[in-house]
Amino acid sequence: MTRTLLTKAADLKDGTATADTATTTDPAVRITGVHKSFGPALVLDDIDLEVRPGEFVCLLGASGCGKSTLLNLVAGLDSPTAGAIEVPGGKRPALMFQEHALFPWLTAGKNIELALRLRGLPREQRRPEAQRLLELVRLGDAYKKRVHELSGGMRQRVALARALAQDSDVLLMDEPFAALDAITRDVLHEELTRIWRETGVSVLFVTHNVREAVRLAQRVVLMSSRPGRVSRVWDVELPQPRRIEDAAVAELSVEITEELRGEIRRHGQH
Amino acid sequence: MASTDTSPAHSDIAGLEAGLDALETKATDRTPVRQVLLQKVLPPVTAVLLVIVLWQVLVWAEVTDEYKLPPPADVADSLQQMWLEGTLLEVIWTSVSRGLLGFLLALAIGTPLGLIVARVKFVRAAIGPILSGLQSLPSVAWVPPAVLWFGLNDQMMYAVILLGAVPSIANGLVSGIDQVPPLFLRAGKTLGATGLAGARHIVLPAALPGYLAGLKQGWAFSWRSLMAAEIIASSPDLGLGLGQLLENGRNNSDMPGIFLAILLILIVGIAIDLLIFSPLERRVLRSRGLLVKN
């Protein structure tokens, strides 16, 4: 188990070293001492978290733990009350929502092309690049499809392709599979793992589903609620591809769930 | 396939995914022509025929004097006479060209106005309520002041059309922009569409259905305003339009002519809507999956 992880880490190090020596020590995302209040309510309390380049981190927590708020802060849609969020790669992080958020007035292909255009890719390169990204999510035939003609799982895959079109080093995902049926979600877990390994993108993935977190992540960060704090972190040293039914996944899920329940119980005591 | 993974579990996933995609994609097919004729054309045609039959029955029953309720055949005669004189299309074209030109002017003014009201808070607070209030003012109320401002000429007609249609078009755009889902704005922002790029790529296309509804209503208001202007301001210097045709009918106590003028006004209003605005609206809604088949 550990050997696979080590090899992967070494690969990553080699890749980044040749590209740019300045970024080898930088994390993909650095969150230091972040507080966030909405009026009198403290939502995030002193969050410290780093996502290493190419790492897959799951933020896990019950409602009210501020995990989506934290993701919005990293995405730059909102700013922290105190503390700092750095994305050393310099590019705006890509963000995927629970709703596909595809634009219904554009075809699947044109949705991706819009992202490419806003990123500044020259016109003649957009179409082939959009087609390549659709093929990456195994929707090579869907270029001309309208959003309403696609199933829920297909829409999320187009949304993933559109997020990847930003060519960002960081992909933020806000419960992207929560609205899908279990069979489709299972397939998309496998696709996401494959695409993450192929692209080497760093992923910060928000979920309230413990098994999903253990299935996907290299590191699971459990957050406590009201205010949101980092309560515990697990390194998931299981080889990928994993399956959600794996005994080892189940075992760790039980452990994390116990901890999560403990956190939730504390709120009922006063 | 783009996959580089060769483990059995992963090569398997492509097939599984293709199966899921096939299972969950609904087939969309076009309605056959026969069905369209039966469901969309037959009912209104039947209704119109019934009205004509009822009309004829009322004439036969002599419910009132013939100069008050002419038989349908007399109205058809008036129509045929106008056609033979070659004036029919001329009269229709006079009004339609005025109406469409006025509408295009209203479009050119109402669109930027709507954009400003929707996006600038101060302007919205200042004139937003007036703009929506103006929609409930019957446009015929603008005719007397417009006659005094401009005299009995085409400018006066265009002024009345503009005063009637600009608020509708501007309001349509404002409500279209207000109804843009916040999720689209957030998605646009993370893709880098802010400021002008955001307006062009996200806000305006998302607001299009509301804008089109405003245009449709704007046309209805243009047409009504124009008819009011033509009825009140008829003068030999102004070309003969449908409104003047109606007013001439009153002056000559020519009831078949009056009925004919009313029918023509109605038909032109409906035709423009059916030929221009409805197809446009259906196209936009269908492409977004917002048109529910029933």
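I began with A:Arg243, which is partly exposed, with a relative accessible area of 42%. I note at the outset that the model I am reading is a predicted one. The side chain of A:Arg243 meets that of A:Glu245 in a salt bridge, with 3.4 Å from N to O.

**Entry: a salt bridge within chain B**

I then turned to chain B, where B:Asp154 and B:Arg98 form a salt bridge whose closest N and O atoms are 3.5 Å apart. This pair links distant parts of the chain, since B:Asp154 lies in helix H7 (residues 154-178) and B:Arg98 in helix H4 (residues 88-119) of chain B, 56 residues apart. I looked up the accessibility of both partners and found B:Asp154 partly exposed at 32%, whereas B:Arg98 is buried at 4%.

**Entry: where the chains meet**

How many residues of each chain are in contact with the other chain? I find 36 residues of chain B in contact with 42 residues of chain A. The area buried between the two chains is about 3,500 Å², and carbon and sulfur atoms give 62% of that area.

Over all chains the structure holds 25 salt bridges, and the count between chain B and chain A is three. I looked at A:Arg138 and B:Glu17, whose side chains meet in a salt bridge at 3.5 Å from N to O. A:Arg138 sits in the loop between helix H4 (123-136) and helix H5 (152-165) of chain A, while B:Glu17 belongs to helix H1 (residues 8-24) of chain B, so the pair joins two chains. Are these two residues buried or exposed? A:Arg138 counts as buried at 11% relative accessibility, and B:Glu17 is also buried, at 1%.

I also wrote down the salt bridge between A:Arg157 and B:Asp21, for which the N to O distance is 2.9 Å. These residues are part of a network of salt bridges that links A:Arg138, A:Arg157, A:Glu191, A:Arg194, A:Glu198, B:Glu17 and B:Asp21.

**Entry: the annotated span of chain A**

The UniProt record, an unreviewed entry, carries the annotation "domain: ABC transporter" for residues 29-250 of chain A. In the model, the end C-alpha atoms of this span lie 29 Å apart, and the span is 35% helix and 26% strand.

**Entry: an open sheet in chain A**

I followed an open sheet of three strands in chain A, which has the order E2-E1-E4 and antiparallel pairing. Strand E2 (41-51) and strand E4 (82-86) stand at the edges with a single partner strand each, so one side of each is left without a neighbour in the sheet. From one strand to the next the twist averages 20°. Strand E1 (residues 29-38) of chain A is joined to E4(A) by four bridges, the two running antiparallel, and A:Thr32 stands opposite A:Ala84 in E4(A). Helix H2 (residues 67-75) of chain A packs on this sheet, touching E1, E2 and E4 of chain A, and its direction makes about 120° with that of E1(A).

A:Asp46 counts as partly exposed, at 42% relative accessibility.

**Entry: the enclosed strand E3**

Five of the five residues of strand E3 (residues 56-60) of chain A are buried, so this strand is largely enclosed by the rest of the structure. I checked which way the side chains point: A:Phe56, A:Cys58 and A:Leu60 go one way from E3(A), while A:Val57 and A:Leu59 go the other way. In a regular strand, side chains alternate between the two faces of the sheet.

Which strands pair with E3(A) in the parallel sense? Strand E7 (residues 202-207) of chain A runs parallel to E3(A) and is joined to it by five bridges, with A:Val206 in E7(A) as the bridge partner of A:Leu59. Strand E8 (residues 219-224) of chain A pairs with E3(A) in the parallel sense over four bridges, and there A:Cys58 stands opposite A:Val220.

Lastly I looked up the loop between E8 and strand E9 (229-235) of chain A, where A:Pro227 is found. A cis peptide bond joins A:Arg226 and A:Pro227, with omega about -5°. A:Arg226 lies in this loop too, and its phi is near 40°, a positive value in a residue other than glycine. A:Arg226 is exposed, with a relative accessible area of 66%.

Conventions
Residues are numbered from 1 along each chain as its sequence is written. Chains are lettered from A and ligands numbered from 1 in the order in which they are written. This is a predicted model: local features need pLDDT of at least 70, side-chain atom pairs count only at pLDDT 80 or more; totals for chains, interfaces and linings use all residues. Side-chain values use heavy atoms; hydrogens and water are left out. A salt bridge is a side-chain nitrogen of Lys or Arg within 4 Å of a carboxyl oxygen of Asp or Glu. Buried means under 20% relative accessible area, exposed over 50%, partly exposed in between (1.4 Å probe, protein chains only). UniProt positions are given in the numbering used here, feature names are shortened, and annotations may be inferred rather than shown by experiment. Two strands pair if DSSP finds at least two bridges between them. Axes are lines fitted to C-alpha atoms, for helices over the stretch in contact, and angles run from 0 to 180 degrees between N-to-C directions. Contact means heavy atoms within 4.5 Å. Buried area is the accessible area (1.4 Å probe) that two parts lose on being put together, summed over both.
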